[in-house]
Amino acid sequence: MSRALLIVPHFWDPICVPLGVSALKAYAERFGHEVSLFDFNTVPEVFSVQRAYFDELERQFPEWRRWNAERNATDLLAMHQIVYLYGRARPDYRELVAEVLNVTAAPLDTVVPRLKTAPFDALFAKLYARVGSIFQNLVETTRPEVIGCSLFNSTWAATLFLLRRAKALMKGGRTVVGGPGPIMGIASSAAEVAAFHSAHDFIDYYVIGEGEKHFVSILDQPDLPPGILGGEVARLRAGGPRQDFQLAELPDPDYGHLEVSRYLQLSAASSRGCPFECSFCAETVFWKGYRKLPTDRLADQMVMLSQRYRKDSFYLCDSLSNPILDGLSQALIQRGAKLHFDCYVRADRTCLDAEKAARWRDAGLFRARLGLESASQRILDEMVKKTDPPTMARALKALSDAGVRTSTLWIAGYPGETLSEFNDTLTFLRENRTNIYDADAWLFQYHPKGLAGSSTRLKDSGASRPRFGSELSKLTRVEASMVDDGLSPGDRLERLERFVATMQELEIPNPYSLTQWRSADARWEALGHEARWSVLGGGVEATR
Ligand code: SF4
């Protein structure tokens with residue numbers, strides 16, 4: 001038996017109980033291991049630093065007030081922390097930070113004079129002092145032999161900080177990371193994972209893709225040599241395809257001692273991967289293929305978790321839920337379950353039927369997160385979205401008429417997007433505003449291998465280049481890329497700014513806090529839609 005501690009480092013929004021570590025815990029304990037879980041994002045003094053950082057960013061660079069910082073500055077925050085952790089003693093520290101913050105690619109000597117590093121440094125100093133002391137206490141109380149951290153772009157800096165410290169705190173202990181990794185998923189590239197792994201000697205194992213079996217191998221074998229487990233590397237070494245298991249073989253997630261009251265929702269998932277392959281998306285590259293859990297099993301799991309944790313609202317963590325919505329709705333209705341859930345839905349022909357939408361609502365669907373991305377048919381085709389603007393509009397109407405909140409996600413300045421194509425999106429917003437609960441726009445993030453189709457197309461066209469200079473790339477130990485297709489970073493941000501301004505003009509909200517959600521609900525009800533689940537009733541002890 002081995003003892004392990006699995007951590008979700010800052011920053012990862014504590015909307016729902018983290019499912020990945022809960023699934024790993026349940027699986028490993030089936031094999032006799034003992035796994036503790038901890039999520040730094042439920043510590044208010046830790047998570048609130050994200051908001052404080054955005055506030056400082058907007059103070060020093062007021063243009064960020066128009067660029068939807070909550071979505072588009074998380075990348076910056078991660079890079080900035082890396083530079084703080086690894087470069088703050090360097091004489092060119094200020095220039096390196098300025099380069100990170102220079103999102104419009106303006107001449108650096110116009111950015112440096114505007115930058116005050118001290119307020120950011122003060123935030124990070126306090127943050128890491130707090131994180132360090134919580135971590136030390138955790139290690140002393142749980143006495144793990146293995147410590148693992150989720151490695152996403154937004155948790156990247158904290159993961160490095162914690163695992164380096166872990167080596168000092170647990171003599172002979174081992175460390176592991178898993179997840180898509182920084183800069184839009186280095187886990188899709190064997191060479192980048194190998195470079196990242198060898199650059200951080202305090203990380204023993206890098207698990208790519210599905211983690212359960214590899215995590216148990218690490219716990220079962222104290223002498224397992226450090227290395228990269230899973231995904232492309234293992235598959236290539238083994239000379240064959242990865243052997244994934246059926247999801248029905250997995251136990252129900254175990255949230256352990258995570259502070260469930262601090263999350264808005266419980267979490268569950270009915271699938272891994274996605275049956276579609278939108279060109280800009282990393283999901284199908286990360287999960288390789290699509291597998292489903294039988295919907296009866298998912299419904300039983302949701303009922304059990306709801307009873308155990310006394311919460312009735314779920315975030316379905318599936319990449320896409322259209323394929324399971326009918327089955328899950330039927331199973332929940334048959335069980336008389338009084339639950340609420342939200343999930344990712346494609347605005348395609350599967351959601352145009354009013355009766356079907358009403359059935360989903362009756363089963364508990366209170367919000368559909370719709371990746372609409374663009375309302376230009378050419379861009380939708382480029383993205384392989386397999387839908388069209390009239391269908392998107394009808395889907396919004398069918399769902400909102402049924403009383404389902406429609407949360408929409410958009411990409412401003414997709415590679416090759418013309419001004420008139422971008423304007424089509426703004427026109428769509430205008431025409432459909434009363435059926436849109438909220439809208440959230442982000443800038444396309446490029447990785448030469450991590451995206452289903454955009455990667456190949458853009459790489460082959462030679463339209464990409466390094467995002468940072470050599471000093472910054474050396475310091476961060478990753479090679480970030482950006483698209484170079486004639487639209488400058490400034491042009492893209494200008495589109496983002498116009499998108500945000502149009503939302504404000506149309507009074508379409510983009511809530512990121514409990515207060516903002518309440519006001520978004522009030523608008524929704526004033527438009528004549530029903531708000532069927534309220535964050536007020538979610539029993540959350542606000543971390544946000
Ligand atoms: S964007 Fe959504 S529908 Fe498209 S591949 Fe990704 S998860 Fe699937």
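The largest pocket of this predicted model is lined by 29 residues, and Asp75, Val103, Arg467, Met482 and Pro489 lie nearest its centre. A pocket here is an open set of points on a 1 Å grid over the protein atoms alone, where a 1.4 Å probe fits, with protein on both sides within 12 Å along at least five of seven lines; lining residues have an atom within 4 Å of a point. About 610 Å³ of space lies in this pocket, a volume being the space filled by probe spheres set on the points, which are joined across faces, edges and corners. At least two lining residues come from each of helix 4 (74-87), helix 5 (93-101), helix 9 (182-185), strand 15 (464-466), strand 16 (481-483) and helix 22 (489-506); helices (H or I, at least four residues) and strands (E, at least two) are DSSP runs numbered from the N terminus. The lining comprises 17 nonpolar, seven polar and five charged residues, where Ala, Val, Leu, Ile, Met, Phe, Trp, Tyr, Cys and Pro count as nonpolar, Asp, Glu, Lys and Arg as charged, and the others, Gly among them, as polar.

The second largest pocket has a volume of about 390 Å³. Its lining has 19 residues, with Asn68, Glu70, Gln504, Asn510 and Gln516 closest to the centre. Because domain 2 (59-124) and domain 3 (265-537) both give residues to the lining, this pocket lies between them; the domain bounds come from an automatic or database assignment.

Residues are numbered from 1 along each chain as its sequence is written. Local features need pLDDT of at least 70 and side-chain atom pairs count only at pLDDT 80 or more, whereas totals for chains, interfaces and linings use all residues, and side-chain values use heavy atoms, with hydrogens and water left out.
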